[in-house]
Amino acid sequence: MNFSFIDIRSGSATCVFEINHKKFEFHPSFHSDALGDFVSYLASKHPLCKLSWKEGAFHKINGGIHWQTGPYLLNWEFKRDFEDLEIIITEKQNFTVDRKVNTNLPKIILKTTCKFDDFVLCVIKELDRVIKQRGILGYRQEWQNYTFPIDGFLALKYAYLYKKPFEITKKIVVLRLRTNYIYYY
């Protein structure tokens with residue numbers, strides 16, 4: 001299994017997803033926050049991606065997410081069943097681009113099941129590569145309208161590596177009086 005988000009430039013990108021010896025290539029545009037929505041949606045399916053003070057920091061999304069890909073909307077839907085993840089990718093008509101009804105749509109492009117943790121690891125590795133290659137500001141400059149999904153990336157990575165949710169630590173401030181100074185630690 002492989003997930004890659006490559007050739008990011010001038011508000012477009014190429015997403016290559018390989019699973020079960022099949023390769024799929026998609027071309028999302030800057031009209032949607034493709035990578036950001038994807039990462040937030042995946043984090044919303046992960047039981048450990050929550051902040052300790054707020055249940056469901058990545059809100060539940062019903063029906064999946066849409067990527068603008070020109071005349072089509074590409075719908076990603078994840079259905080998690082414990083350690084398994086069902087992935088359904090559907091091509092739908094984008095009525096903002098083409099108002100003439102296409103009777104061939106919606107069309108299921110892919111419907112498959114994989115191990116949830118394996119898929120999360122693929123995505124984390126790709127996000128690691130993207131951020132190392134482009135940086136946060138470089139990603140924003142190329143993608144134009146949206147920033148790198150750092151919150152979802154870090155939540156997924158922490159949950160995967162440590163098998164627990166990210167905890168907000170509470171610092172205890174200690175005051176020490178020395179001569180006329182107060183130090184905060």
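**Helix packing and burial**

Mentor: Among what covers the buried residues of α3 are α1 and α2, where buried means under 20% relative accessible area with a 1.4 Å probe, protein chains only, and helices are DSSP runs of H or I of at least four residues, numbered from the N terminus. This is a predicted model, in which local features need pLDDT of at least 70, side-chain atom pairs count only at pLDDT 80 or more, and totals for chains, interfaces and linings use all residues. Residues are numbered from 1 along each chain as its sequence is written, and side-chain values use heavy atoms, with hydrogens and water left out.

Trainee: Which residues of α3 are buried?

Mentor: They are Gly152, Phe153, Ala155, Leu156 and Ala159.

Trainee: Why is Phe119 called buried?

Mentor: Phe119, which is found in helix α2, has a relative accessible area of 0%, and because this is under 20% it is called buried.

Trainee: What is Phe119 in contact with, leaving aside its neighbours within four places in sequence?

Mentor: Taking contact as heavy atoms within 4.5 Å, the partners of Phe119 include Phe17, Phe38, Leu42 and Phe78. Leu42 lies 77 residues from Phe119 in sequence, with 9.6 Å between their C-alpha atoms.

Trainee: How do the axes of α1 and α2 cross?

Mentor: The axes of α1 (residues 34-45) and α2 (residues 116-143) come within 11 Å and cross at roughly 145 degrees, the axes being lines fitted to C-alpha atoms over the stretch in contact and the angles running from 0 to 180 degrees between N-to-C directions.

Methods:
Helix = DSSP H or I, 4+ residues; strand = E, 2+ residues; numbered from the N terminus. Buried < 20%, exposed > 50% of the residue type's maximum accessible area, 1.4 Å probe, protein only.
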